[in-house]
Amino acid sequence: MSKVIVATDKAPAAIGTYSQAVKIGTTVYLSGQIPLVPSSMELVSDDFRQQAVQVFQNLSAVCEAAGGKLQDMVKVQIYLPDLSQFATVNEVMAEFFDTPYPARAAIGVRALPKGAQIEIDGIMEIPSTN
């Protein structure tokens with residue numbers, strides 16, 4: 001199987017040496033998304049909830065560019081400088097996902113790029129159409 005690079009202008013452009021996602025077969029590895037507005041490449045807001053919503057919107061755009069949808073994610077990793085925000089993450093995640101939810105990890109970190117309060121990466125498995 002060959003490696004396919006996934007890119008969309010509906011999500012923030014890469015700000016380093018990485019791709020928005022890489023697809024191999026029906027598996028898509030999504031790079032971390034922070035709450036940048038794609039058109040301005042600036043943080044959406046200082047409000048944590050708005051940042052979490054923007055991250056899920058960005059992930060959704062990359063999933064769609066890869067031929068899937070956010071609900072097809074099988075694993076997400078959430079990076080938070082402030083783990084006390086985890087309840088809000090759960091609320092926002094419930095707005096974007098239906099059950100069954102993907103597997104998940106929450107990781108406390110010291111800091112994120114551009115002063116973001118949340119970053120999420122993950123793996124998506126695109127269902128076969130057979």
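1. In this predicted model, Phe 97 has a relative accessible area of 2% and is therefore classed as buried, since the limit for that class is under 20%.

2. The structure holds two aromatic pairs. The other one joins Phe 56 and Phe 96; their ring centres lie 5.4 Å apart and their planes are at 20 degrees, so this pair is stacked. Here helix H1 (residues 48–65), which contains Phe 56, is tied to helix H2 (residues 86–96), which contains Phe 96, across 40 residues in sequence.

3. The accessibility of these two partners should be noted. Phe 56 is buried, at 0% relative accessibility, while Phe 96 is partly exposed, at 25%. Together, Phe 56, Phe 96 and Phe 97 make up one aromatic cluster.

4. A separate point concerns the largest pocket, whose volume is about 170 Å³. It is lined by 13 residues, of which Ile 15, Tyr 18, Gly 32, Gln 33 and Ile 34 are the closest to its centre.

5. As to the composition of that lining, eight residues are nonpolar, four are polar and one is charged. Strand E3 (residues 27–33) supplies the largest share of the lining, with three residues.

Conventions:
Residues numbered from 1 in each chain as written. Predicted model: local features only at pLDDT ≥ 70, side-chain atom pairs only at ≥ 80, totals over all residues. Heavy atoms only, no water. 1 Å grid on protein atoms, 1.4 Å probe; cavity = no way out; pocket = protein on both sides within 12 Å on 5 of 7 lines; lining within 4 Å. Points joined across faces, edges and corners; volume = space filled by probe spheres on them. Helix = DSSP H or I, 4+ residues; strand = E, 2+ residues; numbered from the N terminus. Nonpolar A, V, L, I, M, F, W, Y, C, P; charged D, E, K, R; others polar. Phe/Tyr/Trp six-rings, centres within 6.5 Å; stacked < 30°, edge-to-face > 60°. Buried < 20%, exposed > 50% of the residue type's maximum accessible area, 1.4 Å probe, protein only.
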